Amino acid sequence: MKAAIKAISYYLPPRIETNLEISREFPEWSADKIAEKTGIFERHIADEGVCASDMGAESAKLLFTEHGIDPHDVDFILFCTQSPDYFLPTTACLLQDRLGIPQTAGALDFNLGCSGYVYGLALAAGLVETRQARSVLLITAETYSKFISPEDKTVRSLFGDAAAATLVAASETGSVGPFVFGTDGRGGEHLIVKTGGLRHRQAAAGKAAVVDEFGNVRRDNCLYMNGPEILVFTLRIVPQVVASLRQKSGLTEDQVDHYIFHQANKYMLDLLRKKLKIPPEKFCEHLAGCGNTVSSTIPIALYHSLKAGRIRESNRVMLVGFGVGLSWAGCMIQL
Amino acid sequence: MNIDDFVRHFEGAVDDVAAGSLNPQTRFRDLSQWSSLVALNIIAMVDTEYGVELSVEELRKCQSIEELFQLLSGKKK
């Protein structure tokens with residue numbers, strides 16, 4: 001028995017931050033330059049008081065209404081976020097109640113970013129294929145905007161808030177797998193919010209912002225990304241994952257119909273596409289209107305690829321997520 | 001690998017710099033355009049044009065375009 005993706009919906013918070021608004025605060029970082037370098041025109045930002053869980057709940061409700069799914073049929077909730085409501089209780093437990101999912105359902109959070117969707121599919125498929133669950137609701141939801149310093153033009157330009165909901169259940173025709181995973185904790189410091197967890201509950205009193213070797217301002221309580229380090233990692237790892245997945249699936253380059261990578265930014269996507277010699281019609285780019293939504297980039301891109309008819313049933317699609325951790329995962333899917 | 005070609009590729013990695021305006025002795029961190037975007041472009045250029053992985057640590061150790069060229073020539077062998 002194979003598990004497969006049965007349905008996807010997603011939610012973007014209503015408030016939009018445009019390139020023009022960002023460029024007003026940074027004289028040399030024009031709206032055109034932002035669009036050219038990142039491929040992003042707008043990103044959606046959650047209001048104060050709106051958490052990842054709130055957006056996650058909205059995405060799940062959209063999943064139920066858009067696809068005619070009854071929340072009473074869900075028997076497991078997986079919630080992927082790095083912006084939980086609380087240290088405890090588990091945010092997925094709160095979502096069970098909010099969404100009217102039966103009390104007999106399991107629920108857990110897992111903390112991953114850009115690789116989170118593929119890990120979530122692996123966990124969901126594992127539950128379904130071992131018959132521990134029948135109908136898994138996988139929600140990815142992120143509010144990086146709440147970690148981002150207004151002074152950091154790079155991460156402000158790249159990241160947007162969003163949530164996506166996916167139903168994974170047994171399927172006659174579709175599948176998820178095989179999977180490839182990877183982890184390199186040496187790169188943990190390259191994408192980090194240093195304080196707020198238990199290692200450093202608060203920033204050291206009076207500690208000033210530090211300017212790094214590239215002129216980026218870093219504050220311990222804000223999201224810090226070392227772009228060059230992340231690029232080196234991406235260029236090394238993603239080709240390895242792609243090769244490994246082709247080999248594991250016994251597929252040639254031509255037999256993979258479509259590629260959806262984590263939509264980090266257009267610069268990186270273009271480099272990867274050229275390095276891997278993937279024809280443009282097989283390669284997904286969807287971030288202009290929402291930016292890098294972390295663990296939701298892949299489901300959002302998949303949703304749009306399906307809607308536009310670029311991906312059809314029985315197509316062999318490769319998904320690869322990579323980033324914060326450093327963590328990566330790839331899989332093949334058929335819908 | 002040829003130093004003149006490398007300098008031209010390096011110029012391509014820096015915004016708003018005229019072809020022929022940089023030379024092997026240029027200390028690239030002193031350029032007014034130096035930023036993480038330039039570092040990204042250099043890493044990408046080295047990967048695309050020379051098929052070599054340049055780490056941030058290695059880039060950090062180089063002061064001039066010539067030093068970077070020497071480092072990469074050593075790696076390519």
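Begin by selecting helix α1 (residues 3-13) of chain B, where F6(B), V7(B), F10(B) and A13(B) are buried. Because these residues cover an arc of only 110° around the axis, they lie on the same side of α1(B); the arc is that of the directions from the helix axis to the C-beta atoms. A residue is buried if 20 or more other C-beta atoms lie within 10 Å of its own, exposed if 12 or fewer, and partly exposed in between, with C-beta atoms placed from the backbone.

This is a predicted model, in which local features need pLDDT of at least 70 and side-chain atom pairs count only at pLDDT 80 or more, while totals for chains, interfaces and linings use all residues. Residues are numbered from 1 along each chain as its sequence is written, and chains are lettered from A and ligands numbered from 1 in the order in which they are written.

Next, select D4(B) and D5(B), which are exposed on the other side of α1(B).

Now display the whole of chain B, which has four helices and zero strands. Helices (H or I, at least four residues) and strands (E, at least two) are DSSP runs, numbered from the N terminus. Of the 77 residues in chain B, 26% are buried.

Finally, turn to the contact between the chains, to which chain A brings 14 residues and chain B twelve; two residues are in contact if their C-beta atoms, placed from the backbone, lie within 7 Å. On the chain A side, select helix α7 (residues 227-249), which gives the most, with seven residues.
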